[in-house]
Amino acid sequence: MKKSISIFEKLPRLIYRHYIKIITLSVLMTILSAFSVKDLGLKTNIAELLPKTYKSVSELEKIKQKVGGVGSLIVAVEGQDFEKLKQAATILAENLSEGSLVKNVEYQKDRKFLKDNALIFADLHKLNELKDIVHEKINTEKLKVSGMYLDLFDDGNEEDDLERMRKQYSKGSENAFYTNKDKTIIAMQVYAYGTASALKFVRKLFAEVEGIVEASDLQSIDPGIEVLYSGSYKSSIDENDTVISDLYLNLYTTVPAIILFVSFYFMQPGGFIFIFIPLIMSISWTFGLTEVIYGDLNTITAFLFIILLGMGIDYGIHSFARYLESRRGGDSIQDAIHKTVAKTGRGIFTSAITTSVAFFTLMFNDFKGFSQFGFICGFGIISAYVAMTIVFPAFLIVFDKIGWIRSAPKTEKVVVKSKRKLPFSGTIIALATAFTVIGITAAVISFTSEKGITFEYDFKELRSNLPKSKEMAKKLSGIFAKEASSPAIILSDSKESSKEIVQYIDKIIQKGRPVLKLIDDLEILHEGITAALEDSSESKLRKKLRAVQRDIRKIHAQDSLLAARSKVYESDQSVNEYLVSLNDDIAAFRENTNGIDFRRELEIAKELVFSTYTNIDKPTVKSVITLHTVVPDSQSYKMSVLTEIENLIDSDEAELVKGKDKENLDELKDLLAKRREIALEDLPEKMVQRFIGKDGSLGEFVFIIPGIKLRDGREAMRFSDDIHKIELESGKTFYASSPNIVIADMLRVLLAESKIAVCLAMLAVFALVLIDVRSLRATLLILTPLVTALLWLGGIMYFTGIKFNFFNMVVLPSIIGIGIDNGVHIYHRYKEEGSGSVWFVIKSTGMPVIASVVTTMLGFLGLVFAQHNGLNSIGNLAVIGLSMTLLAAITLLPAIFQKLERQKEATK
């Protein structure tokens, strides 16, 4: 430490002697950095926040190169005349297909081909089920004729099995447009050779599409036609534009706010210029080096220019405040520089080192949101320290010598140190303790239950969600199958490997089928109970409860699965046990029970069943598609089953079937007449389009369609766990990837590394403060307001429902790094002034501490008004957290000093 002190003593003299050289060198460094900064880019795709060494990332890159575009641009035409919309959509689709950047356009469903061949595309077990239904229908009619038929369960409300199967295999025979229910919108998906994350390509594609739309002159068909845009490509543009818009908003609000605050604080007209010049220099050095190392910023680091403005100015405020205090006290320029650099500079040095190291600990993370944030902030703090303790004093010498700085006459040297006691110190400690206990309680609840501080897994809640984008999404909702746009892809190396992969995925699908059956049965039970409750008549209620009993008995076949998957009811009964009890109650009610009293029991059952099936983990995989699975499987077996069905329909006994059942059999007979085996070359081009690679050839691509919504990060991780790594019996290993699988990996990394980052930041801060003050007691004193503030923050998050997410998690290490400054500055000034100086320290150093935290908060304040929800969450959490650190530092820490002084006096 003696060496450090000697450096602080020598540095002021070096600055005073060579201030012109220091200014010249800093200007040259700034000019050089500016050339690098102009090439700094911005990437807003959150899927790019993992290193390329991750398998999900490297595989996704291979998929992009092989398959082409990942994602699509949805183009839709809206109008009131559906016939004119069809005409406009056809013309537009044909024109878009000719685009130089367009791979293909999907605007119609080939229903005729699928309808004509529906039976050969059906699962074999479904065809066997159809054969049994036809056989049973014919036997039923034979029994009716014989007078021996008796249906004990027919209540006249059930849909006939034959009718259900007929509907399933006859869904229209014409090609259909992708349209909404009102037929006021026809949409199409434009697939391109680039990916949604390549922003330059996406903008070029969007410009080309807009040009084609304009050239198509759709208004000549109908002046009322409007063109809408949506999809992942449009979201990429909107996301980037929102970030840029928020960046400018932050710039235009934060910078003027900081300028006004600094000007009024120091009461120096244009005084902000004194601090801003070296501060802007330090920021240019930081981002110049960032461009050299990283090349681009990401969504989380895009705003660090303004945040560094708020953080870096802290050191300028402390230095300038001490310089003015010294000059107004009668010191010469050289003496004032000495006190600023040697005295206040030491506190700034400790503060800068602890803050920068807290940020630098983030660099050990794979998550780029952390690592890049940590580097920029860590190096930015070091740059700000150098600028404010070396360059800034050099400028102060120049500005003071030319008379630009207001100061009291040098002959007036009056230093007044008040010995006034800090009032209400005991009350402050008591209140702080109470709030801390609340914070600890909230933390314990968060770690031990689901009702505490939670993590936001829903990606939709973290995007820009612009009103216009939300409106487009609402209009186009349901037109395209959501899961079809987010498949995982495996690049297979042969037809044989593709078959093995399909077999592997099929095992996962088969494993999940009992769960789907259970969910379906519970949904049917829920609907039955709901229908029963809607009847006001007791006789109708009794009749409908028979169907409810039947559904309960069906679920009992899966009792072990139900018991394992369901939640436990509040009476500590499992759902399965409760349903057994409900079945007995229904039986008793149907014999002799008051209907009005029984309805409450049904209401409880309805809520319980709904809670159960909505909380069961649904199977992650819906289907798997390859070039070869598009061709129907087991065709020879299917053809034999279809022949058996046809023979049944053509039999003499089938003549007994009349009415609607006869119409259903006739329609099935028409489909059977068209049956044929399908070869790859028989498939329409649209069905094999997705297997055409970037080079135009058919490829061995395996598409895994999710059965769950991947916008929920937990579901994305489950999907990834099931299909990301596939080890085949042949010894080969393949990896599936998609943007959602990359995000799943990113979430795993973030959830693991965020805890490590916070612990490392706290350990680094503790170690550095201990090295600086060389006293465990003093170190704990300095850390007390920071730890207390973090606990207060936890309490506020718990009671207000603020969630962590992969944007604002970076704020916690930031609060630790920034918040430690307050305790360091107040402690060092208190040690410098000695016992009895608590009130004076608050007045002299407390005000710069307040000013520095306020300016830092102003750096984050612009994010509070950001349209991008992720960035908005950073601003909210940072402002609240920094407010807590400031409150704890200027109230709790001085109160502790005051209490320790009183205890010391009492022992004398």
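**Whole chain**

The model is predicted: local features need pLDDT of at least 70, side-chain atom pairs count only at pLDDT 80 or more, and totals for chains, interfaces and linings use all residues. Residues are numbered from 1 along each chain as its sequence is written, and side-chain values use heavy atoms, with hydrogens and water left out.

Helices (H or I, at least four residues) and strands (E, at least two) are DSSP runs, numbered from the N terminus. Of the 908 residues, 52% are buried, meaning under 20% relative accessible area (1.4 Å probe, protein chains only). Among contacts (heavy atoms within 4.5 Å) between residues at least 6 apart in sequence, 84% join residues at least 24 apart.

**Helices H10 and H12**

Select residues 232-266 (H10) and 304-328 (H12), whose axes come within 11 Å and cross at roughly 10°. The axes are lines fitted to C-alpha atoms over the stretch in contact, and angles run from 0 to 180 degrees between N-to-C directions. H10 is therefore roughly parallel to H12, a label for angles under 35 degrees.

Next, show side chains at the contact. H10 contributes residues including Leu247, Leu251, Ile258 and Phe266, while H12 contributes, among them, Phe305, Ile313, Phe320 and Arg328. The residues of this contact comprise 15 nonpolar, 3 polar and 1 charged. Here Ala, Val, Leu, Ile, Met, Phe, Trp, Tyr, Cys and Pro count as nonpolar, Asp, Glu, Lys and Arg as charged, and the others, Gly among them, as polar.

Move to residues 185-192, strand S6. This strand is largely enclosed by the rest of the structure, because 7 of its 8 residues are buried. Two strands pair if DSSP finds at least two bridges between them. Select each partner of S6 in turn:

- S2 (residues 73-78) pairs antiparallel with S6 over 6 bridges; Ile74 has Gln189 as its bridge partner.
- S3 (residues 102-106) runs antiparallel to S6, joined by 4 bridges, and Asn104 stands opposite Tyr191.
- S5 (residues 176-179) is antiparallel to S6 over 2 bridges, with Thr179 partnered by Ile186.

Finish at the hairpin of S5 and S6, where 5 residues lie between the strands and Lys183 in the turn has a positive phi of about 55°.

Notes:
Buried < 20%, exposed > 50% of the residue type's maximum accessible area, 1.4 Å probe, protein only. Parallel < 35°, antiparallel > 145°, perpendicular 65-115°, else oblique.
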